[in-house]
Amino acid sequence: MRVYVPTTLTGLAAAHEGGALEQSAAYAVTPALREWYVSDDLEELEYAALNRAAQSSLRLLAADPDAPRRRVVVALDVADSAVKPFPGDEYQDQASLGRVVLAGPVKLAKAASVHADVADDEVVEDVAAAVAAVAAADAGDQDAQFTVDGAEDHDLLWYATQEIPSLLA
């Protein structure tokens, strides 16, 4: 199963050094995500799961004021048994659509790719603004949601796993 693990550059650096991602929250193509997205195209559904993980990365950035303001998502192929359903109700909370829980740490060597924002001033500024607004957006503030959506206008770049050291530099 392909899962998308949200993280930060700080979290990716720790995983690169330690060899494993400790983050247990991940996103995948779940029945609720399929219903919400209304598509049978697996590639489109996986892109939707990747975007859900990128949104979650904003919340991780909000919790870590020292992390560089760039969203990061690690794509991993794991056994179905390594994935547990999200214990909340993903049908009731839009932020939880596609959310799953990893049974334990996952070796970074299992990563298929890494997706991250480009280190461009405009993108970093938009992501920083989204990070500052994400709590208000989660509380229903439409203006804050507009700001958060502004970060989604920037696609994450694809990096091969051997490019992680240059991404962290």
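Which residues of helix 3 are buried? The model is predicted; local features need pLDDT of at least 70, side-chain atom pairs count only at pLDDT 80 or more, and totals for chains, interfaces and linings use all residues. Residues are numbered from 1 along each chain as its sequence is written, and side-chain values use heavy atoms, with hydrogens and water left out.

**View A. Strand 4 and its two partners.** Strand 4 covers residues 72-77. Strands are DSSP runs of E, at least two residues, and helices are runs of H or I, at least four, both numbered from the N terminus. Five of the six residues in strand 4 are buried, so the rest of the structure largely encloses this strand. Buried means under 20% relative accessible area, exposed over 50%, and partly exposed in between (1.4 Å probe, protein chains only). Strand 1 (residues 2-7) pairs with strand 4 in the antiparallel sense over six bridges; pairing requires at least two DSSP bridges between the strands. Tyr4 has Ala75 as its bridge partner in strand 4. Strand 8 (residues 111-116) also pairs with strand 4 in the antiparallel sense, over five bridges. There, Ala111 is the bridge partner of Leu76.

View B. Helix 3 (residues 42-63) has 22 residues. Its span from first to last C-alpha is 32 Å, close to the expected 32 Å (1.5 Å times one less than the number of residues). Its buried residues are Leu45, Ala48, Ala49, Leu50, Arg52, Ala53, Ala54, Gln55, Ser56, Ser57, Leu58 and Leu61. Asp41 caps the N-terminal end: one of its side-chain oxygens lies 2.9 Å from the backbone nitrogen of Glu43.

**View C. Contacts of Leu12.** Contact means heavy atoms within 4.5 Å. Beyond its neighbours within four places in sequence, Leu12 is in contact with Thr7, Val72, Val74, Leu108, Val114, Ile164, Leu167 and Leu168.

**View D. Pro105 in its loop.** Pro105 lies in the loop between strand 6 and strand 7 (106-107). Its relative accessibility is 52%, so Pro105 counts as exposed. Pro105 still touches Ala20, Leu21 and Glu22, leaving out residues up to four places away in sequence. The C-alpha atoms of Pro105 and Gly19 are 9.7 Å apart, although 86 residues separate them along the chain.

**View E. The aromatic pair.** The structure holds one aromatic pair. Trp36 and Tyr37 form this tilted pair, 6.1 Å centre to centre with 50 degrees between the planes. Rings of Phe, Tyr and Trp (its six-membered ring) pair if their centres lie within 6.5 Å; planes under 30 degrees apart count as stacked, over 60 as edge-to-face and the rest as tilted. Trp36 is partly exposed at 38% relative accessible area, and Tyr37 is partly exposed at 33%.

Notes. A polar contact is a pair of N or O atoms within 3.5 Å; within protein, one must be able to donate a hydrogen and the other to accept it, and residues adjacent in sequence count only if both atoms are side-chain atoms.
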